Amino acid sequence: MIKVIGTAYKRDDFTTQEFFDYWRDVHAPISAKIGPMRGYVVSEVIRKVQGELQAEAFIEQWWDDLDAFEKAGETPEMEVAWADVSNYAKTTGTFWVTKEHVYIPPPIPRGGTLSRQAWLA
């Protein structure tokens, strides 16, 4: 699998709560329509332990392979998702395409906040 990891920064006119509410209620359902994405996780930064990088959140998206990710990047759904970012976030985030090497697997997830089926409706 290929994973895209990126930083996210709220717009200055949004509170942290408004930023995450918009992301969950508006942006995530838009992004979920990008096929064939296999996973989508937003990690809220609670505090920084060390280093210079500042961010409100990190985003992770999983794809079967690089080809699937690149094809998705050419779709109207990806264009709509990128166009929505400026409605709640700064557009200065940094993104990386990565290949995971899992040494200790994370616990089995118990489901997401939103139903993927509802997003696709």
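With which side chain does the side chain of E60 make a polar contact? In this predicted model, the partner is the side chain of K3, at 2.7 Å, a polar contact being a pair of N or O atoms within 3.5 Å, of which, within protein, one must be able to donate a hydrogen and the other to accept it, while residues adjacent in sequence count only if both atoms are side-chain atoms. Residues are numbered from 1 along each chain as its sequence is written, and side-chain values use heavy atoms, with hydrogens and water left out. Because the model is predicted, local features need pLDDT of at least 70 and side-chain atom pairs count only at pLDDT 80 or more, whereas totals for chains, interfaces and linings use all residues.

E60 lies in strand β3, which spans residues 57-63; helices (H or I, at least four residues) and strands (E, at least two) are DSSP runs, numbered from the N terminus. With a relative accessibility of 16%, E60 counts as buried, where buried means under 20% relative accessible area, exposed over 50% and partly exposed in between, for a 1.4 Å probe and protein chains only. When residues up to four places away in sequence are not counted, E60 touches K3, V4, I5, G39, Y40, V41 and S43, contact meaning heavy atoms within 4.5 Å.

The chain as a whole contains four helices and four strands, and its elements run β-α-β-β-α-α-β-α from the N terminus on. Its radius of gyration is 15 Å, close to the 14 Å that the globule rule gives for 121 residues, so the chain is as compact as a globular protein of that length; the radius is taken over C-alpha atoms, and the rule is 2.2 Å times the number of residues to the power 0.38. Along the principal axes, the C-alpha atoms fill a box of roughly 35 × 35 × 30 Å. Of the 121 residues, 32% count as buried, and the chain exposes about 8300 Å², of which carbon and sulfur atoms supply 55%, the areas coming from the Shrake-Rupley method with a 1.4 Å probe and, for residues, with only the protein chains shown counting as cover. Among the contacts in the chain with a separation of 6 or more, 74% are accounted for by residues 24 or more positions apart.

The structure holds nine aromatic pairs; rings of Phe, Tyr and Trp (its six-membered ring) pair if their centres lie within 6.5 Å, and planes under 30 degrees apart count as stacked, over 60 as edge-to-face and the rest as tilted. The rings of F19 and Y88 have centres 5.5 Å apart and planes at 35 degrees, so this pair is tilted. F19 lies in helix α1 (residues 16-31) and Y88 in the loop between α3 (76-85) and β4 (95-99), so the pair ties together parts that are 69 residues apart in sequence. In the pair of Y22 and Y88, the ring centres are 5.0 Å apart and the planes stand at 25 degrees, so the pair is stacked. Y22, likewise in helix α1, is 66 residues from Y88, and the pair links distant parts of the chain. F19 is buried, Y22 counts as buried at 19% relative accessibility, and Y88 is buried with a relative accessible area of 3%. Ring pairs link F14, F19, F20, Y22, W23 and Y88 into a cluster.

In helix α3, the buried residues are M78, A81, D84 and V85. Seen down the helix axis, these residues fall within an arc of 125 degrees, so they line one face of α3, the arc being that of the directions from the helix axis to the C-beta atoms. The face turned away from this buried side carries the exposed residues P76, E79 and A83. The cover over the buried residues of α3 includes α1, β3 and α2 (66-72).

Several loop positions complete the description. The peptide bond from G35 to P36 is cis, with omega near -10 degrees, and P36 is found in the loop between α1 and β2. G51, in the loop between β2 (39-44) and β3, counts as partly exposed at 43% relative accessibility; its C-alpha atom is separated by 31 Å from that of D25, 26 residues apart along the chain. T91, in the loop between α3 and β4, counts as exposed at 62% relative accessibility, and touches V85 and S86 when residues up to four places away in sequence are not counted.
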